[in-house]
Amino acid sequence: MNRHLQYLLDLTLVLTRKEMQVRYKNNVLGYLWSLLQPMSFALVYFIAFKIFMRFKMENYTLYLLTGMFPWQWFANSVNEASVTFTGNASIIKKINFPRNLLVAATIIKDAIHFILCIPVIMLFCFIYDSPISITWLYGIPILLVLQTVMTYGLSLIISTVNLFFRDLERLVTILVTFLFFLTPIVYNYEMVPEKYRQLLALNPVAFLMTSWRGLFLSGQMDWNAILVTLVWSVILYGLGQIIYKKLVWRFAEVL
């Protein structure tokens, strides 16, 4: 059992390293792209909402970044999920190994980039005189685990189903964009009309993103939001495992 677990860990590490190398191949700026993408979006939304629409919100730049960085991890992993198996068809056909590790490696790669972005959030906290809380020490690992499990489950569903319904690849990009604007990232949770706030519980990532922001901005953990996120994580992980196990035996014939 220990030998099998060690094999899975080693294989996941190798696949993650491969994903990192592919991402930065012929890429001069390398890690900086992980910062520039969410920061550029944050700049666009700052101009649109703070300058043009005159949002009355203090430290709006920091507010945006604390939502954009975790969102970018989620969005990148989910968008890449649709091509995870199709993009690794040659490996899947030639080598016998747990295919779901390809999905796990992609998510771990994006999680590493997110972790490397946390010092940037700390820098902006310093710039805006926002205190860094001791709560970060346990809050970050908790949210990291929840987001990893949730993203893995959803990505496993998408990557598996896309092998049989290739149009899903294009649909995912559209749905992720819709999900972004249905999640309190560029706006505050309190801005949502009270009669619609309960509907946010139907959005798997809404309370996850507000939990990240609450942790970074005030050092608080909303345990009700954490519970909702945990439920969604378990549901998506379970569905992902069921769908994957039912269809994995057909991967080679449809690739």
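1. In this note a residue is called buried when its relative accessible area is under 20%, exposed when that area is over 50%, and partly exposed in between, with a 1.4 Å probe and protein chains only. By that rule Glu80 is partly exposed, because its relative accessible area is 26%.

2. A word on the basis of what follows: this is a predicted model, in which local features need pLDDT of at least 70 and side-chain atom pairs count only at pLDDT 80 or more, while totals for chains, interfaces and linings use all residues. Residues are numbered from 1 along each chain as its sequence is written, and side-chain values use heavy atoms, with hydrogens and water left out.

3. Which residue meets Glu80 in a salt bridge? The partner is Lys109, with 2.7 Å from N to O between the two side chains, where a salt bridge is a side-chain nitrogen of Lys or Arg within 4 Å of a carboxyl oxygen of Asp or Glu. The pair links distant parts of the chain, since Lys109 belongs to helix α5 and Glu80 to helix α3, 29 residues apart; helices here are DSSP runs of H or I with at least four residues, numbered from the N terminus. Side chains of opposite charge can pair when their charged atoms come close.

4. Lys109 also forms a salt bridge with Asp110, and there the closest N and O atoms are 3.8 Å apart. The count by this rule comes to two salt bridges, and Glu80, Lys109 and Asp110 are linked in a network. Lys109 counts as buried because its relative accessible area is 3%, and Asp110 is likewise buried, at 2%.

5. Helix α3 also holds Pro70, which is buried, with a relative accessible area of 0%. Leaving aside residues up to four places away in sequence, Pro70 touches Leu65, Phe114, Gln147, Met209 and Trp212, contact meaning heavy atoms within 4.5 Å.

6. How do the axes of helix α9 (residues 206–218) and helix α10 (residues 223–247) cross, and at roughly what angle? They come within 8 Å and cross at roughly 140°, the axes being lines fitted to C-alpha atoms over the stretch in contact, with angles from 0 to 180 degrees between N-to-C directions. That makes α9 oblique to α10, because angles under 35 degrees count as roughly parallel, over 145 as roughly antiparallel, 65 to 115 as roughly perpendicular and the rest as oblique.

7. Where these two helices touch, Phe207, Leu208 and Ser211 in α9 meet Ala225, Ile226, Val228 and Thr229 in α10. The residues of this contact divide into five nonpolar, two polar and no charged, with Ala, Val, Leu, Ile, Met, Phe, Trp, Tyr, Cys and Pro counted as nonpolar, Asp, Glu, Lys and Arg as charged, and the others, Gly among them, as polar.

8. Two loop residues complete the note. Thr86, in the loop between α3 (60–81) and α4 (89–94), counts as partly exposed because its relative accessibility is 25%, and beyond residues up to four places away in sequence it touches Asn162, Leu163, Arg166 and Leu255. Asp129, in the loop between α5 (100–127) and α6 (136–162), counts as exposed at 69% relative accessibility, and its phi is near 55°, a positive value in a residue other than glycine.
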